Amino acid sequence: MNDYKMTIGIECHVQLNTKTKLFSGVDNDATDKEPNSCVSPVDYALPGMLPVLNKAAVDKAIQAGLAMNCKINLISRFDRKHYYYPDLPKGYQISQLYQPIIGAGVVYLPDGSSVKIEHAHLEEDAGKLSHFDGYSLVDLNRAGTPLIEIVSMPDIHSAAQARLYCEELHRLMIYAGVTNGDLYQGNMRFDVNISISKTDKLGTRAEIKNLNSFRSVERAIEYEYARQKALLEKGESVKQETRGWSDATGKTSPQRSKEEAQDYRYMPEPDVPPIVLEQSYVDEIAKQLPMMPESYRSIFGVLSLDNNEREAILNHPILAQRLAEACDKNSALAPRIAHWFSGILLAEENADKNFALGTADELLELSEMVENKELSSTAGKEVFLEMYDKKNTSKRPHALAKEMNLLQENDVDALGAMIDEVLALPECAKASEDIRNGEMKAIGFLVGQVMKRSQGKANPATVNELIKQKLTQ
Amino acid sequence: MKIADQKTKAVDLVREALEKAKQYEDYHCFISMNEARAIEKAREIDERIAKGEKVGRLAGVPYALKDNYLSPEGVTTAAAKMLDNFPAPITATAVKRLEDEGAIMIGRTNLDAYAQGSSTENSFFGPTKNAADPTRVAGGSSGGSAVAVALGIVEFALGSDTGGSIRQPASFNGIYGIKPTYGTVSRYGVVAMASSTDTMGCFAQNADDINLVMDVMAGKDDKDSTTLEKFWKDQLPAAKEKKIGLITDFMGDGVDPEVVRCVNEYAEKMKKAGYTVEEISIPMLKYGLAIYYIVQPAEVASNLSRYDGVRYGLRSAKAHDLDSLYQETRNEGFMPENQRRILIGNFVLSSGYFDAYYLKAQKARTLLIRAYKEAFEKVDVLLCPVAPAPAFKFGEKTDDPLAMYMEDVMSVPQSLAGIPSISVPAGKTKDNLPVGAQLCAWRGNDQMLLSIAKHVEEKD
C-alpha cells in the first residue's frame, strides 16, 4: 500500500534589524529595555498619528528578496489587515496583501532540492502580551518592528526537508544582513501548513503557527503527519484549522477552526504612498549583496568536504568568505583550512561568532607550513587555535609558530644527533637489534622516542628515514 | 485681519474675542475655552512687540480650533464621549505652524463626533446654532468653527473637510470656507476620519484672510507622507480671464429653488466681473455620493478601530473580559452615526463583499476623477451650489440618515477627486438664510479660486 504523501508550505516571519521601526522612527532594538520604552505616539496609535515609511526597511526587504532569487516588484503597496487584539494598537496591521514588494523566487537547499517562493511582503510586527492571574499586560516595544513574511509554495514533502528549508532561509537572511537571526528572541518564526494524501489531490491542511526553532518545525511536522494519518486511517477527516505546538508535550493542539477564522477586512492603506522603485536602484543593491550560500557551495565543491562540515562553515558567513578567498588563491591548500574551521565549529561550544581569523593569506601560509612539513598537522591546528582563540592575529603564522616553539625539526644533522642519543638508551637496544635483523615494524617505537625527545617538532618521516639509514647501512 | 502691532495689543484682540465668545455662548460654538493660556500668550507677544522683536505673520490673532486637532492646550475630544478627557501629548502640524506665526487659540469648537455628520447635531456635547437663524443647524461637521467666524468671535477658524465639512457650514453661515487640494496641509495630529479625503482647511470672512492662513499652514510635512511640496504663494495671483462652467446636473431636481436662484445670481456677478460663464453637464458627478458612502465608511471603520479602551480614552466600567471591553467601550464611546458608519464600512470590506462594493467604488472613483479632468480641459473653474438647500431646522434630518447624507451630494465629488473647492457667500434666501456658491478647479489651483472670489466680490 502506498504511504501518504505530505505537502508542506511554510510562512516565515523575519524581523528586520533596521535601526528604527517600520513606520515610527523609534529605536527598533528593544533588547534589555524596559517594557513600553521604545514606543512613540505612532506605535501607541494615538489619534491623528500617521505612519511614515522607513526607507531602510525597504532596502532590507530588497536585499532579502534578492537573496532568495526573487523578482523585486518596482511598485508595491501597503494594505490594512484588521483584527482586534490588545497587542495591535491601531486595530489593524499595516501589511502588503495585493502588491507585495517581493515577487516569486526560489531557495536552493543543501540536499540539492529547491523550494519556490510565492512572494514575500513587508509588514509591521505586533506587541507582546503577558498574562497574569486575572489581568494581562501589554508591551508595545516590538509593535512596529519591520517584518518580512516569506511565503513558500507547497513544495516541501518531508519534515527533514522543511527543516533544511528553514535553516537555509535563516542562512540567507543572515548572509543578506537583514536580521539578527536570533531564533530564541523570535527574530524568525515559522507557520507551517501541512496536509497529507495518497492521491494527487491535496488533503485538508492544518496550520501550525508560531514555531520558533528548526527542531520544533521538524518535530511538529512529524507529529502532525502521524496525527493526520491516524485520523484518515480511522476513516475520519482532517479539520482545516490553526493548531499550536508545544515543545514540552511534543504535540499540536487546535487553536481556531476555519469557521471561526477571522475576516481581516483588508483595505488599501491610504496613509502610506506606494513604494516606487527604479530598476537601477534594485540593481545597485544587488551589486552590494554579498555572495550567498549556494554560490559558496559550488566554490567549495573542489574541496571535497563532507556535507556537515560544509554546512557548519556556511552557517558563519565570515568563515565561508575566508574559505572562498583561500580557495580562490590556492585550492590545494584550502581543504586544511576548511577542516580547521569545521573543527572549531563542530568540536566546541563556539557561540562566539566574532571570529578573529586573520586573512586568507595568513591562513594559507599556515596551511602551506603544514604542507611543507615545517609544522606537524597537530602543531598546525595548535597555531590556528592560538590565532582564533586568543585572537593572536598580530603575528604572521610563521612567527607565531616559532614563538610557540612548534616549528618542525628538519635539520638532518640536528636530528641525527638526537637519534644517536635515543639509540644509545638502554630501553632502545632491543628495538635497534630487531631492526638490524630486518624486523622493520619496531621502527615505530624508535621514531616515537625521537618525537618525544624533540617535543613533537621533529619531522617523523625524516626521522624514520634517518633511523633506517643508521641501523641498516 | 487685525494683527497685533505697536498700536494694536494682542491682549485686547484676545480679550475682545473671549468676550464675544461669552456673549454668544448660547450658540454653543465652543466645547472648551483656552482663556488663561490665550491671554498669557497674548501678553508674551505684546512684550516682544514692545521690545521691538520680530513677531509672526499672525501675531496675536485669536482663532478657534475645531476640536479634532490635537494640541497639549486643553483636551481634544473630537466631540466624542470616547475622548472626552484626552490630553494630547503632541501638537498637530497645522496648529504648530499657526502658533509659530503668533496665532492664539482661544477655544476648541464643536463638531459632529469624529467629524461625522452634516449638522453638528451628532456632537456628544449637543448641537451648535446657526449664526443667521438660531433655530436652525450650523451645518457640519465643522459647525462650531463656522459659526464662531460668522458671529465675528474670531477672524478665522480651522476646520476639516472630508466630504463637505468646511464648505457646507460656510455656506449655511454666509462666510468663506476652503477645502484645499488634498495634501496641501498636513493631517498629522488631526483625529482621522477618512484618510483618503481628509483635508485641513479654514473659515474666514474674506479671501485674503483665507489666503494668509493657508499660506502659513500649507506645505510638506515629514510626519504626513501624503502632503505635497508647498505650492502656496503669499500673494493671490492677479485676476485673469477664466472660463467658468456652471454644473447643470446640480441646478435642477432636488435643489431648493432659492439655492438655484442665489447660485444663478452669483454666476451673473461673475459675468459682470468679466468671466465667461457657460453651462456644463458632468453626469458622472451624480455617482459621487454613492461612491463616497462606501469609501468613506470603510476608512472610518478602519480609522476608528484604535478606540478600543486599551490604551487611552474611555474604558467602559461594564467591561469584564476582552470581548466586553471592546463591545461596551465602543458601544458607549461612539455616537449612533459613528456606529452606523463602522457597520457600513466593515460590511463593504468584508470578504465576499469587498469586490462588489469597495473595489467597484474605487473604480468608479477613478472614472469620476477622469470626468473632472475632462471637464477642466473645457473650463477653468466649475460652479455649483454647496448643498441642495439652506440650513435646516434642528431634528429635521436626524431620524433620516439618507436625507442627511444627501446634504453632501454636491460636496463629496470634489473630495473624492482631491481637488480644491471653496464656498463663497452667494446671497440669501427670501427667509434671509445664507447660501453659498461652490467654486472648484483642478488640483493645485486653490489660489486661483480665491482670487476669482475676491475679484467677483470687489466688482459687485
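**Figure 1. Contacts and overall form of chain A.** In chain A of this predicted model, residues 24 or more positions apart account for 68% of the contacts with a separation of 6 or more; two residues are in contact if their C-beta atoms, placed from the backbone, lie within 7 Å. Chain A holds 15 helices and 15 strands, where helices (H or I, at least four residues) and strands (E, at least two) are DSSP runs numbered from the N terminus. Its radius of gyration is 30 Å, well over the 23 Å that the globule rule gives for 473 residues, so chain A is more spread out than a compact globule. That radius is taken over C-alpha atoms, and the rule is 2.2 Å times the number of residues to the power 0.38. The C-alpha trace of chain A spans about 95 × 55 × 50 Å along its principal axes. Of the 473 residues in chain A, 42% are buried; buried means that 20 or more other C-beta atoms lie within 10 Å of a residue's own, exposed means 12 or fewer, and partly exposed is in between, with C-beta atoms placed from the backbone.

A word on reading the labels: residues are numbered from 1 along each chain as its sequence is written, and chains are lettered from A and ligands numbered from 1 in the order in which they are written. Since the model is predicted, local features need pLDDT of at least 70 and side-chain atom pairs count only at pLDDT 80 or more, while totals for chains, interfaces and linings use all residues.

**Figure 2. A closer look at A:H170.** Look for A:H170 in helix 2 (residues 159-176) of chain A. A:H170 is buried, with 20 other C-beta atoms within 10 Å. Leaving aside neighbours within four places in sequence, A:H170 is in contact with A:G181 and A:M188. A:D182 is 12 residues away along the chain, and its C-alpha atom is separated from that of A:H170 by 9.4 Å.

**Figure 3. Helix 12 meets helix 15 in chain A.** Helix 12 (residues 412-423) and helix 15 (residues 460-472) of chain A pack at about 60°, with their axes 10 Å apart. That makes helix 12 of chain A oblique to helix 15 of chain A. Axes are lines fitted to C-alpha atoms, for helices over the stretch in contact, and angles run from 0 to 180 degrees between N-to-C directions. Angles under 35 degrees count as roughly parallel, over 145 as roughly antiparallel, 65 to 115 as roughly perpendicular and the rest as oblique. On the helix 12 side you will find A:V412, A:L415, A:G416, A:I419 and A:L423, which meet A:T462, A:V463, A:L466, A:I467 and A:K470 in helix 15.

**Figure 4. Helix 6 beside helix 14 in chain B.** In chain B, the axes of helix 6 (residues 207-217) and helix 14 (residues 446-459) come within 9 Å and cross at roughly 160°. That makes helix 6 of chain B roughly antiparallel to helix 14 of chain B. Here B:A207, B:D208, B:I210 and B:N211 of helix 6 meet B:Q447, B:L450, B:A453 and B:K454 of helix 14.

**Figure 5. Where chain B touches chain A.** At this interface, 31 residues of chain B are in contact with 24 residues of chain A. Helix 8 (288-303) and helix 10 (336-349) of chain B are the elements that give two or more residues to chain B's side. The largest share, three residues, comes from helix 8 of chain B.
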